[in-house]
Structures are given as structure tokens and as C-alpha cells.
Amino acid sequence: MNDLRKDPDYPLYRPILESDRRFYWAVGFLSVIILWALVMYIRQLIYGLEVTGLNNTVSWGFYIINFVFFIGISHAGTLISAILRLSQAEWRRPITRMAEVITAIVLIIGGLHPILDLGRPDRVLNVFLYGRLQSPLLWDVTAIGLYFTASTVYLYVPMIPDIALLRDRTNTKLKWLYTFLSWGYQGTERQKHILNRAITILMVAVIPIAVSVHTVISYIFSMTLQSGWHSTIFGPYFVTGAIFSGTATLLVVMIAFRKLFHLENYLKEIHFQYMGMLLLVFSLFWTYFTFSEFLTGVYGNEPQEMDVILYKFTGPYAPYFWTMVVCNFLIPVVVLSFKKLKTIPGILFASFAVIIGMWLERLTIIIPSLANPRLPIISAPYIPSMTEWALFAGGIAVFCLLFLIFAKIFPIISIWEIKEGREEGLDEAKERLDSYLPDIIVSEEEAT
Amino acid sequence: MAKWGMVIDLNKCTGCGSCVNSCRMENNVPNVGDKAAQAGRAMDWMQIITEYEGEYPNIRITHIPRPCFQCDNPPCTKVCPVYATFLNEDGLVGQVYNRCIGCRFCMVACPYSAKTFNYSKPDFPEAYEKTLNPDVTRRMNGVVEKCSFCHHRLAIAKDVARFEERDLREEDYQPACAESCPTNAITFGDLDNSDHSVTHLKHSNRAFRLEEELGTEPKVYYLRKEDR
């Protein structure tokens with residue numbers, strides 16, 4: 001134990017070894033919210049979807065919005081971590097673990113949302129018994145199932161050396177868990193080799209899977225004939241939006257844990273600068289896609305399409321739409337372009353704006369199209385009920401709770417990768433840099 | 001193979017609503033109550049859409065009764081993840097209430113808003129209970145339903161025709177809405193059979209179909225309203 005305290009990476013072990021009263025307060029508070037959501041959901045199970053604000057024209061609401069939103073956030077993780085690993089960005093080391101945990105947790109929450117939305121959740125297994133391959137919903141089940149499997153494995157495999165470290169160096173009540181999960185990893189050359197190969201294969205495999213998941217989610221909308229949805233741009237648009245909101249969430253999580261666990265030494269200013277750059281790039285990408293999408297609609301001036309567009313521009317959804325533009329474009333671009341504003345509080349502010357903006361994007365994509373049916377049907381406005389708000393709050397609370405519990409059991413920053421960076425990364429980076437640079441060719445004459 | 005379809009003459013329709021009500025009686029469509037109806041959860045299978053043109057007092061009103069169009073190329077069936085809605089052997093779009101998981105994807109996909117969802121447990125008052133049609137299932141909470149062109153009547157008509165060893169005649173199979181229309185605005189029959197009056201009506205120069213350009217091939221035709 002004492003030698004562990006002398007370890008330079010002791011701050012990474014500390015949250016696991018030392019108990020903090022604030023942790024229990026947070027768990028208690030979050031549990032109350034989750035309990036509330038649970039009670040509301042049980043009520044929905046008893047009464048049916050009567051307790052929501054949905055109606056026959058706007059038959060998809062908060063549950064589907066949050067489904068798309070949460071699955072979007074889950075993109076941060078695995079995709080960013082895989083791309084950073086693949087491009088051998090050395091600054092990735094303290095970030096990848098957090099990113100992967102976001103994916104795994106949010107995917108559970110997001111993946112369960114369609115079940116909340118079902119009128120008959122008791123029949124959900126019909127999807128497997130009588131599945132119709134033609135339905136985009138079935139593509140979703142397949143893609144999310146695959147992504148969840150891939151991303152949890154991708155979270156777990158690079159964690160094995162850390163679990164082995166915890167098994168050998170700590171003596172907590174969870175030693176049995178560490179012993180079980182480390183699968184006899186001793187850090188021999190052969191084990192290291194297999195581990196690195198596995199990580200390489202996984203990170204290559206996980207990128208196309210991640211891209212496919214959000215593309216398929218956009219297909220739920222774009223495969224229908226609804227105006228405002230039936231658009232070929234939706235696949236890449238949703239993927240961009242997903243990575244955008246995911247990056248923002250990752251930044252918020254990084255800033256939160258930096259403060260909470262005093263990790264200033266690990267998550268330095270430079271990490272936020274780099275991640276902020278990524279956020280800025282995706283903000284511009286998002287704006288470009290949004291602009292193309294609406295310009296095409298407005299220029300074509302098709303009456304049905306215009307009904308939906310005007311509903312967003314000047315109609316009842318104008319406040320949400322323009323807030324979205326401010327949150328997703330104005331705030332991140334202004335904050336992240338000026339060095340003076342690009343501080344950690346500034347980035348935190350921009351990230352929160354992006355998360356809110358991306359949620360509003362999902363809202364303004366889904367509701368206005370449904371609220372403007374092709375035939376002039378008498379319809380009522382959609383006002384989300386208390387149950388839907390409760391389950392929304394519950395979803396966020398589950399995210400925070402699972403994250404805190406994870407951070408209590410496992411190191412939130414990869415210890416072995418930091419160590420590897422210190423011991424091997426420096427030399428490797430130098431070697432790599434040498435290989436990029438043009439060789440100095442000494443001509444024969446000079447040599448002689 | 002018969003191709004069952006409907007022609008609705010908008011010149012004749014007065015918007016009286018008798019098709020809506022006869023449909024409710026025939027198909028055990030639950031009455032959701034005032035509060036739910038105001039929240040947009042009314043469950044009419046046959047719905048009258050009213051279009052207003054001009055300003056009062058020079059106003060022109062068109063009533064468009066809208067059943068399910070039983071499209072030949074239905075956008076709703078292909079999105080169903082469990083085959084709970086499908087194009088059946090009679091060319092009608094069927095609903096399997098016992099299999100439906102209530103995801104409402106078909107409602108979202110239907111460009112004609114023809115589908116409704118059971119947001120609550122259907123509640124029939126005691127007096128109403130005795131008038132329920134025994135040929136039609138009562139739907140449960142949490143499933144999607146829609147107009148079936150009174151498919152149960154086709155099943156009975158087919159049985160009768162087989163028993164009497166003859167072909168199906170036009171008058172054997174008529175849905176409740178067509179039967180109850182006081183102005184005969186709704187004509188029903190086999191769109192491919194030249195003995196049936198719908199075949200001639202659909203070729204009228206007033207005939208059109210709603211949102212035809214979507215390629216859904218609806219089997220319900222309308223005859224344009226003309227000023228007289």
C-alpha cells in the first residue's frame with residue numbers, strides 16, 4: 001500500500017482507494033431522481049401511453065428524441081478514441097478511457113429508449129421472433145446491438161492491464177472482481193503483444209460500426225415519405241451531429257472529473273485546446289450540413305416542404321430552432337475561435353451550449369415534420385407530459401450514476417497507457433518524427 | 001383477383017358524418033371521450049377532412065371523407081418491424097393487433113394519417129357493450145388500428161358465395177360507410193371488374209387520387225367537386 005502512495009500515478013488510484021462523502025451524497029441524489037423516473041415508468045406500464053403528451057399526428061415525442069440524442073452522444077467515445085489511437089495521437093492517453101465509458105453507458109440508456117416508447121413493451125421480443133428485415137427499426141436493433149457489443153469489448157480489452165494492476169497493488173473489497181476480470185494478465189511480452197493486436201483490430205472494426213449506427217438511426221426518418229425527413233443528406237448529417245454532441249459531452253466529462261478528482265496534472269490545458277479544435281471543426285461541419293439541408297428545401301419551394309420549414313423558421317418552433325442555431329453555431333464558433341475565450345470555463349460553456357443545441361436539433365427535426373401532415377387533419381399540439389420529463393431526467397441521472405460508480409471501481413484514466421507513454425511513447429514519437437522528416441542525404445563528393 | 005376500391009364523389013358528399021358513425025358502430029371503434037379527442041387522440045377510422053376556400057361569405061367548403069386508402073404500394077407496411085401490418089391476399093392492408101408492438105412507425109410513415117393508436121384501454125359504456133359487432137375484434141391498449149374496408153364482410157360474403165356456388169357480386173360486399181351514405185357519394189367495388197360501377201367512375205374526367213405523386217397507388221378515388 002505504501003509504495004502505491006509513492007507512485008507518481010497515485011492520483012489515478014486515489015478515487016478507488018479513498019472514500020469521499022460527496023460520492024455518497026451524489027449517489028443518493030441521483031438515486032432519488034431515478035426512483036422518481038421508475039415510478040413514473042411503472043405508471044406508464046399500467047395506464048399505457050395515455051400518460052404521455054403524444055397524439056395521433058405527433059405520435060413520436062420525447063422518447064424518440066432522447067433515443068436519437070443519447071445514441072448521438074454515445075458516438076463521442078468509441079469513435080474519437082479509435083480515431084485518436086489509429087492516428088497515434090500521443091495526447092489521447094488520458095482521454096480514451098473516459099470516451100469509451102461514455103459510449104458504453106449512454107448506449108445502454110439510448111438503446112432502451114425505443115422500449116419506453118412502445119405501446120406494448122411486453123411484446124418487444126416479437127422483433128426477434130417475427131422480425132421484418134425491410135424495416136429500418138430492425139436495422140437499428142441490429143446496428144445498436146453490434147455497436148454495444150463492439151464498444152463494450154473495446155472498453156474492456158484496454159482496461160485489462162489496469163485491472164491487473166488493481167488486483168496486484170490494492171487490497172479493497174473488490175479484489176475478487178479484479179481477479180476475475182483481469183483473466184490472469186501478468187504483463188508478459190506475449191500477453192502485451194496479444195493485447196495490442198486485439199486493440200488494433202477492435203479500433204479498426206469499431207469505426208465503420210460507429211458510423212453505420214447513426215446512419216441507420218437517421219434512416220428511421222429518411223426512409224419515410226414525411227416532408228422534412230425524406231432527405232438523402234440525413235445519414236452523414238446525423239453522424240456529424242452525433243460526433244459533435246459526443247465531443248461536447250466528452251469535454252464536459254473531462255472538465256468535471258478534472259475538478260472532482262484533481263486530475264489537473266493529467267488533463268492539461270493542451271488537451272482541452274485540441275478537443276476544442278475538434279468541437280469547432282464539427283460545429284462548422286454541422287452548420288454546413290444544416291445550411292445545405294435548408295437551402296435545398298427553401299429553393300425548391302415545394303409547398304409541403306415549406307410548411308415544415310416555415311414551422312421552424314417563423315412558426316411555433318422558431319424559438320427552439322433559432323436557439324439551436326445560436327447554441328450549435330454562434331456560441332461554439334465565437335468561443336473557440338478567440339484565444340481569449342478559449343479557456344477551460346469558456347470551453348465548458350460552449351460544450352453545454354452544444355449539448356443543449358443538439359438536443360434541440362433532434363426536437364426540431366422530429367416534431368415539426370409530424371405536426372404538419374400532408375392532409376389538413378385536425379391535430380393538437382404536442383406538449384410533453386410529466387412522465388416524459390421524468391424519464392428524460394431519469395436518463396441523465398442514470399448516466400451520471402453509472403459514470404460515478406464506474407469511476408469508483410475502475411481508474412478513469414488508463415494507468416498503463418500513461419505509464420507506457422512515459423516509458424516508450426517518448427522514444428517512439430521521436431523515432432516516428434524522424435521517419436517523417438526528409439533524410440539528410442550527404443552527397444558522395446562531400447563525403448570523400 | 002379482385003382489386004377492391006372506392007370512389008367518393010365530392011359533389012355528392014354533404015359532410016353529414018353518417019359514414020364516420022356507421023364505421024364506428026361496425027368496427028367497434030372506441031369512443032375516447034372529449035378530453036382525449038381534444039388532445040388529438042380521436043380514433044375515427046373514417047375521418048372527414050374539411051377544406052375551406054375563400055373568405056366569408058364567399059366561402060367554398062369541400063368535405064373529403066378519408067378511409068384507409070389500402071395502397072397497392074403501402075409505405076406503412078414495409079416499416080413495420082414485426083409484420084403486424086401487411087398487404088393481404090385480398091389486396092387490403094391488414095393489421096395484426098395481437099402482434100403489434102405499438103412502435104407507431106406505420107403511423108409516422110403513412111402520408112395520409114390514416115392510422116390511429118390506442119392510447120388508453122378501450123372503454124365501452126355498458127349500453128354500448130350490447131351493440132358491439134361480434135365479427136370484429138376489440139383492440140387492446142397500445143396497438144395501432146385503421147380502416148380495414150370492413151374486411152370481415154368480405155370474409156362472410158366469400159363464404160356465402162362459395163356456399164351458393166356462384167361468383168361474388170358487387171352487392172355482396174359493401175363496407176359500412178358505402179352502405180350508409182345517404183347521398184350515395186361512396187361507391188365500392190372491384191376496380192378491375194367492368195361489371196362494377198367503380199370501374200367506370202374511376203375513369204371519369206373528374207377522378208383523382210390524393211397525393212398520387214407519392215407513388216403509393218391508393219385504391220380510393222375521388223371525383224372532383226364542381227360548381228354548379
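What follows covers the contact between the chains and then one serine.

This is a predicted model, in which local features need pLDDT of at least 70, side-chain atom pairs count only at pLDDT 80 or more, and totals for chains, interfaces and linings use all residues. Residues are numbered from 1 along each chain as its sequence is written, chains are lettered from A and ligands numbered from 1 in the order written, and side-chain values use heavy atoms, with hydrogens and water left out.

Start with the interface: 46 residues of chain B are in contact with 40 residues of chain A (heavy atoms within 4.5 Å). Together the two chains bury about 3,600 Å², 57% of it on carbon and sulfur atoms; buried area is the accessible area (1.4 Å probe) lost on putting two parts together, summed over both. B:I101, B:F105 and B:V108 supply 18% of the area that chain B buries against chain A, more than any other three residues.

There are also 2 salt bridges between chain B and chain A, counted when a side-chain nitrogen of Lys or Arg is within 4 Å of a carboxyl oxygen of Asp or Glu. B:E211 forms one with A:R374, with the closest N and O atoms 3.5 Å apart.

Now turn to A:S231, in the loop between α10 (189–222) and α11 (234–260) of chain A; helices here are DSSP runs of H or I, at least four residues, numbered from the N terminus. A:S231 counts as buried because its relative accessibility is 17%, the cut-off being under 20% relative accessible area (1.4 Å probe, protein chains only). Its side chain reaches the backbone nitrogen of A:I233 at 3.2 Å. Not counting residues up to four places away in sequence, A:S231 touches A:S222 and A:E293.

Notes. Helix = DSSP H or I, 4+ residues; strand = E, 2+ residues; numbered from the N terminus. Buried < 20%, exposed > 50% of the residue type's maximum accessible area, 1.4 Å probe, protein only. Polar contact = N/O pair within 3.5 Å; in protein donor to acceptor, adjacent residues only side chain to side chain.
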